Amino acid sequence: MAQSVHPAHSVSDNSPTAGRAPSVLLWAGAGVGGLMVISALALWFHYGTQVFFEMIRTGFAACF
């Protein structure tokens with residue numbers, strides 16, 4: 001008869017870094033997103049609303 005491939009008890013990772021990778025990725029993504037928002041706001045205040053929206057419109061026009 002065929003035997004089960006899975007062990008009788010689950011193997012757990014008890015290392016100090018277990019479960020830390022998703023948290024690090026989440027914080028890194030939040031940091032990058034925050035920098036993008038701050039950069040957009042800085043450009044908006046530097047160039048003004050009209051130029052900012054004109055650049056966005058031109059970018060969409062170039063894509064489509």
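The exercises below work through the helices, the surface and the charge pairing of one predicted model.

Local features of this predicted model need pLDDT of at least 70 and side-chain atom pairs count only at pLDDT 80 or more, while totals for chains, interfaces and linings use all residues. Residues are numbered from 1 along each chain as its sequence is written, and side-chain values use heavy atoms, with hydrogens and water left out.

**Exercise 1.** Find which residues make the nonpolar surface patch, and which helices supply them.

Solution. Begin with the chain, which has two helices and zero strands (DSSP runs, H or I of at least four residues for helices and E of at least two for strands, numbered from the N terminus). The patch is made by L43, Y47, V51 and M55 and covers about 420 Å² (residues with over 30% relative accessible area and no salt bridge, nonpolar side chains being joined within 5 Å and like charges within 9 Å; areas by the Shrake-Rupley method with a 1.4 Å probe, only the protein chains shown counting as cover for residues). Helices α1 (20-47) and α2 (49-63) each supply at least two of the patch residues. L43, for instance, lies in α1.

**Exercise 2.** Identify the residues that form the salt bridge, and state how far apart their closest N and O atoms are.

Solution. The structure holds one salt bridge (a side-chain nitrogen of Lys or Arg within 4 Å of a carboxyl oxygen of Asp or Glu). E54 pairs with R57, with the closest N and O atoms 2.6 Å apart. Both belong to helix α2, where, being three residues apart, E54 and R57 are separated by about one helical turn.
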